[in-house]
Amino acid sequence: MENNKFNGIRTKEVHAGDFQDQFGSVVTPIYQTSTFEFKNADHGARLFAGEEDGFIYTRIGNPTTHSLEEKLAALEFGKYGIGFASGMGAVSTLFAYFLGQGDHIISTDAVYGPSRGILETYFKKFGVAADFIDTSDPFAVEKAIKPNTKLIYIETPTNPTIKLTDIEEVASIAHQYDIPLAVDNTFSSPVLQNPLNLGADIVLHSLTKFINGHADVVGGALILKDEKHHKGLRKTMAYFGANMDPHQAYMVYRGAKTLSLRVLQAQENAMKVADFLENHPKVAWINYPGLKSHPQYDLARRQMKGPGSMLSFGVKGGLEAGKKLMNAVELAKLAVSLGGVETLIQHPASMTHAGMSPEARLAAGITDDLVRFSVGIEEAEDIIADLKQALDKI
Ligand code: LCS
């Protein structure tokens with residue numbers, strides 16, 4: 001299907017990126033091939049020179065992966081998509097492409113643990129400086145800009161503090177200084193937030209989460225409009241061998257067809273779960289941008305089409321009480337990752353964000369009592385009944 005002809009989001013989820021093969025396959029097949037035969041020597045040379053579109057070698061590109069890339073580009077209102085072996089493959093390629101020795105990057109303090117970890121360890125080793133700040137304050141972003149700042153990389157809402165950054169404001173500041181802005185949109189998915197439409201230059205997704213949605217594949221993507229950066233990022237991806245495998249691409253391609261149905265159902269459940277938790281006497285606090293008590297409720301309404309299905313909360317009695325809760329739930333699975341059809345619970349300070357120093361965690365608001373909850377598409381009443389019986393045991 002030609003992208004941009006039928007524009008409804010569910011239509012794009014189902015059809016964007018499809019192409020017609022010689023057999024009339026309704027579904028893009030898995031092109032399980034590592035390499036592609038050239039018609040003749042000149043054809044091969046033209047493909048390598050970039051003078052003609054086509055496939056050369058699966059580490060650089062593959063038809064199944066390309067279908068997914070086209071679907072993602074359509075969903076995020078971009079021109080180009082690049083698939084990766086994982087979300088971290090996309091993160092590391094993004095940093096390697098934009099940053100070199102002596103450069104500086106600004107990022108969100110509560111960015112996904114390993115996205116911060118790779119800057120604090122590997123990129124530091126190669127002379128790249130990083131500042132992790134509270135990007136929910138646009139003035140703090142402007143203050144942190146240095147002459148050698150080459151990229152601003154934000155996550156909104158953040159994992160796991162569910163704090164928002166105003167994408168439009170930060171994009172406008174970044175562009176005043178000619179700095180590209182990349183946004184990790186994993187927590188919202190393209191259903192609820194479209195950073196490119198808010199001025200961002202690049203969108204990043206861990207496809208492992210909402211877009212695939214079935215907790216059976218790891219994958220990542222970058223989506224953008226700029227042709228030069230697309231070429232450069234794809235080349236960097238191929239150098240690193242961070243490419244997506246065609247079978248993996250097919251799985252995500254299939255999962256993405258029900259993206260809105262899943263995201264909206266999980267969000268409806270999350271509203272009910274958040275209401276239940278906010279009013280439960282054993283719950284000390286809760287972060288969910290769909291609640292009026294969230295300090296950025298108004299920004300969430302302006303910037304997002306809905307508050308999503310990720311929330312975090314603390315139980316009275318702190319970490320020990322939180323551990324009891326995590327051990328007592330029966331329907332929710334105690335596991336990292338998020339955005340799948342199943343409800344998951346985890347403890348960031350000892351799991352996803354354990355790699356950060358305790359001081360950095362506290363500064364970013366990732367307190368020891370914080371429990372993260374990814375609401376699935378099961379019946380809301382069952383998810384709530386499970387939480388209730390677990391809270392009763394504390
Ligand atoms: N960005 C965000 C916001 C994430 O939550 C994750 C993974 C990544 C990037 C990296 O993607 P991956 O390589 O895993 O596909 N977040 C995880 C989490 O919260 N629990 O387990 C993984």
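In this predicted model, an oxygen atom of the ligand lies 2.8 Å from a polar backbone atom of Met-88. A polar side-chain atom of Arg-372 is 2.6 Å from an oxygen atom of the ligand. For Lys-209, an N or O atom of the side chain is placed 3.0 Å from a nitrogen atom of the ligand. The protein buries 93% of the 480 Å² that the ligand exposes when taken alone.

The surroundings of the ligand were examined next. The ligand is surrounded by 18 residues. Asp-184, Ser-206, Thr-208, Lys-209 and Arg-372 are the closest of these. Sorted by class, the shell holds 9 polar residues, 5 nonpolar residues and 4 charged residues.

The protein is divided into two domains. Domain 1 covers residues 9–256. Domain 2 covers residues 259–392. Their centres, taken over C-alpha atoms, are 26 Å apart. The domains are in contact, with 43 residues taking part from domain 1 and 40 residues from domain 2.

The position of the ligand can be set against this division. Domain 1 and domain 2 both give residues to the shell around the ligand, so the ligand lies between them. Residues named above illustrate this arrangement. Lys-209, whose side chain has an N or O atom 3.0 Å from a ligand nitrogen atom, falls within the 9–256 range of domain 1. Arg-372, with a polar side-chain atom 2.6 Å from a ligand oxygen atom, falls within the 259–392 range of domain 2.

Methods: Residues numbered from 1 in each chain as written. Predicted model: local features only at pLDDT ≥ 70, side-chain atom pairs only at ≥ 80, totals over all residues. Heavy atoms only, no water. Near = heavy atom within 4 Å. Polar contact = N/O pair within 3.5 Å; in protein donor to acceptor, adjacent residues only side chain to side chain. Areas by Shrake-Rupley, 256 points an atom, 1.4 Å probe, with all protein chains shown as cover. Nonpolar A, V, L, I, M, F, W, Y, C, P; charged D, E, K, R; others polar. Domains from an automatic or database assignment. Contact = heavy atoms within 4.5 Å.
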